Amino acid sequence: MATVRELLTEADFREAEEKRLPIRVFRDDHLIDSLTYIIRFTESTVITQSDVSDVTYHSRGECQFFEMRKS
């Protein structure tokens, strides 16, 4: 079973980036990105990558980020 945890703090984002944890991204209660990985983040933006050529920029203010961990 997977454990889902919302990423809220800088430490949360850093841990997900360093451990290469898969995340899901929601905007306006809609899933917009799934099984993607954080490759970089700033105060306003989270950059994710799910494939070699699939890099996406997400606004931290407009999106919600959830890590997925296998328990």
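Which strand does I38 lie in? I38 lies in strand β3. The notes below concern a predicted model, in which local features need pLDDT of at least 70, side-chain atom pairs count only at pLDDT 80 or more, and totals for chains, interfaces and linings use all residues. Residues are numbered from 1 along each chain as its sequence is written, and side-chain values use heavy atoms, with hydrogens and water left out.

1. The sheet. Six strands make an open sheet, in the order β1-β6-β2-β3-β4-β5, with antiparallel pairing. Helices (H or I, at least four residues) and strands (E, at least two) are DSSP runs numbered from the N terminus; two strands pair if DSSP finds at least two bridges between them. At the edges are β1 (2–6) and β5 (54–59), each of which pairs on one side only. From one strand to the next the twist averages 45 degrees. Axes here are lines fitted to C-alpha atoms, for helices over the stretch in contact, and angles run from 0 to 180 degrees between N-to-C directions.

2. The helix on the sheet. Helix α1 packs on the sheet and touches β1, β3, β4 and β6. The direction of α1 makes about 85 degrees with that of β3. Contact means heavy atoms within 4.5 Å.

3. Strand pairs. Strands of a sheet pair through backbone hydrogen bonds, either parallel or antiparallel. Here β2 and β3 run antiparallel and are joined by four bridges; F26 has L31 in β3 as its bridge partner. Four bridges also join β3 to β4, again antiparallel, and R40 has its bridge partner in β4, namely I47. The hairpin that joins β3 to β4 passes through three residues. Between β4 (residues 45–51) and β5 there are six bridges in the antiparallel sense, with V46 partnered by H58 in β5.

4. The core. The largest nonpolar core has eleven residues: L7, F13, A16, L21, I23, V25, I38, F41, V46, C63 and F65. The elements that give two or more residues to this core are α1 (10–18), β2 (23–27), β3 (30–41) and β6 (63–70). A nonpolar core is a set of buried Ala, Val, Leu, Ile, Met, Phe, Trp, Tyr and Cys residues joined through side-chain atoms within 4.5 Å. Buried means under 20% relative accessible area, exposed over 50%, and partly exposed in between (1.4 Å probe, protein chains only). In soluble globular proteins, nonpolar side chains tend to be buried together.

5. I38 and I23. I38 counts as buried because its relative accessibility is 2%. Leaving aside neighbours within four places in sequence, I38 is in contact with L7, F13, A16, E17, I23, V46, I47 and T48. I23 is 15 residues from I38 along the chain, and their C-alpha atoms are separated by 7.7 Å. Residues up to four places away not counted, I23 touches L7, D33, S34, L35, T36, I38, T48, F65, F66 and E67.

6. Aromatic residues. The structure holds three aromatic pairs. The ring centres of F13 and F41 are 5.7 Å apart and the planes lie at 35 degrees, so this pair is tilted. F13 in helix α1 and F41 in strand β3 are 28 residues apart, and the pair links distant parts of the chain. F13 and F65 form an edge-to-face pair, 5.4 Å centre to centre with 75 degrees between the planes. Because F13 lies in helix α1 and F65 in strand β6, the pair ties together parts 52 residues apart in sequence. Rings of Phe, Tyr and Trp (its six-membered ring) pair if their centres lie within 6.5 Å; planes under 30 degrees apart count as stacked, over 60 as edge-to-face and the rest as tilted. F13, F41 and F65 form one aromatic cluster. F13 is buried at 2% relative accessibility, F65 is buried at 2%, and F41 is buried with a relative accessible area of 15%.

7. Charges over rings. The charged end of R60 sits over the ring of F13, 4.3 Å from its centre. The charged end of R20 sits over the ring of Y37, at 4.5 Å from its centre. The criterion is NZ of Lys or CZ of Arg within 6 Å of the ring centre and within 35 degrees of the ring normal.

8. Backbone points to check. Most residues other than glycine have a negative phi. D28, not a glycine, has a positive phi of about 55 degrees. D28 is found in the loop between β2 and β3, a hairpin with two residues between the strands, and is exposed, with a relative accessible area of 61%. L35 also has a positive phi, near 50 degrees. L35 lies in strand β3 and is exposed at a relative accessible area of 56%.
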